[in-house]
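Me: Could you take me closely through the salt bridges of this structure, and how many are there?
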Amino acid sequence: TALFRAKVLATDLDDVPPAGVAMARPKGDHAAVIRHGQWKLAVQGYLASIAFADTQVGRVVDALDRSPMRSRTLVVLWTDHGWHLGEKEHWRKFTLWEEATRTPLIMVVPPAVSKAVPNGTPVGATCAVPVSLMDLYPTLVELCGLPPRAAIAGRSLVPLLVDPTTHWDRAVVTTFGRGNHAVRGYRWRYIRYKDGSQE
């Protein structure tokens with residue numbers, strides 16, 4: 001916890017507009033965690049839940065690897081929102097900041113599954129560009145060889161699955177509550193709250 005808490009700045013809300021502070025609710029969960037001395041246990045509990053979930057995913061993947069369906073199964077793994085552990089005096093999700101809006105997204109496409117990714121996804125490759133979960137539907141449509149639908153939002157991630165270093169100049173929008181939006185590009189995040197204030 002000492003290492004974790006070192007990343008949390010006492011002045012972290014000083015440059016955040018009132019609309020952002022209202023989302024963070026520092027006098028809510030964070031104040032209760034501090035008042036009851038539960039920061040270490042709260043982080044420990046969160047990390048334990050992640051370790052447990054990782055173990056269960058590992059069990060499913062191990063079973064798939066032993067299965068005759070291994071070479072014919074497309075795997076897509078993503079999670080719900082991210083989570084704050086005291087950063088910006090906030091716990092939970094429900095903000096437009098990086099910690100609350102970033103999620104893992106893992107895809108494995110064996111060569112036999114899709115003509116769109118003829119050599120399969122590069123094993124162990126990572127891709128740092130932001131994408132939207134709205135991109136999953138058009139990606140799966142293309143991977144499955146189905147006809148695309150123009151009315152669907154999102155963009156197929158197949159080019160990134162073929163080559164994770166592909167140039168991808170597209171920002172991602174996250175909305176929380178009416179009129180509150182964040183735009184995330186490769187290098188920057190911009191937030192505009194419904195009252196016109198910005199980060």
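Reply: The count comes to seven salt bridges, a salt bridge being a side-chain nitrogen of Lys or Arg within 4 Å of a carboxyl oxygen of Asp or Glu. The model is predicted, so that local features need pLDDT of at least 70 and side-chain atom pairs count only at pLDDT 80 or more, while totals for chains, interfaces and linings use all residues. Residues are numbered from 1 along each chain as its sequence is written, and side-chain values use heavy atoms, with hydrogens and water left out.

One of the pairs joins Arg92 to Asp29, with the closest N and O atoms 2.5 Å apart. This pair links distant parts of the chain, 63 residues apart, since Arg92 lies in strand S3 (residues 91-92) and Asp29 in helix H3 (residues 26-35), where helices (H or I, at least four residues) and strands (E, at least two) are DSSP runs numbered from the N terminus. Arg92 is partly exposed at 37% relative accessibility, and Asp29 is partly exposed at 22%; buried means under 20% relative accessible area, exposed over 50%, and partly exposed in between (1.4 Å probe, protein chains only).

In another pair, Lys93 meets Asp80, the closest N and O atoms again being 2.5 Å apart. Here Lys93 is buried at 15%, whereas Asp80 is partly exposed at 46%.

Asp135 and Arg170 form a salt bridge with their closest N and O atoms 3.1 Å apart, and these residues stand 35 residues apart in the chain. Asp135 is buried, with a relative accessible area of 0%, while Arg170 counts as partly exposed at 28%. Finally, Glu98, Arg184 and Arg189 are linked in a network of salt bridges.
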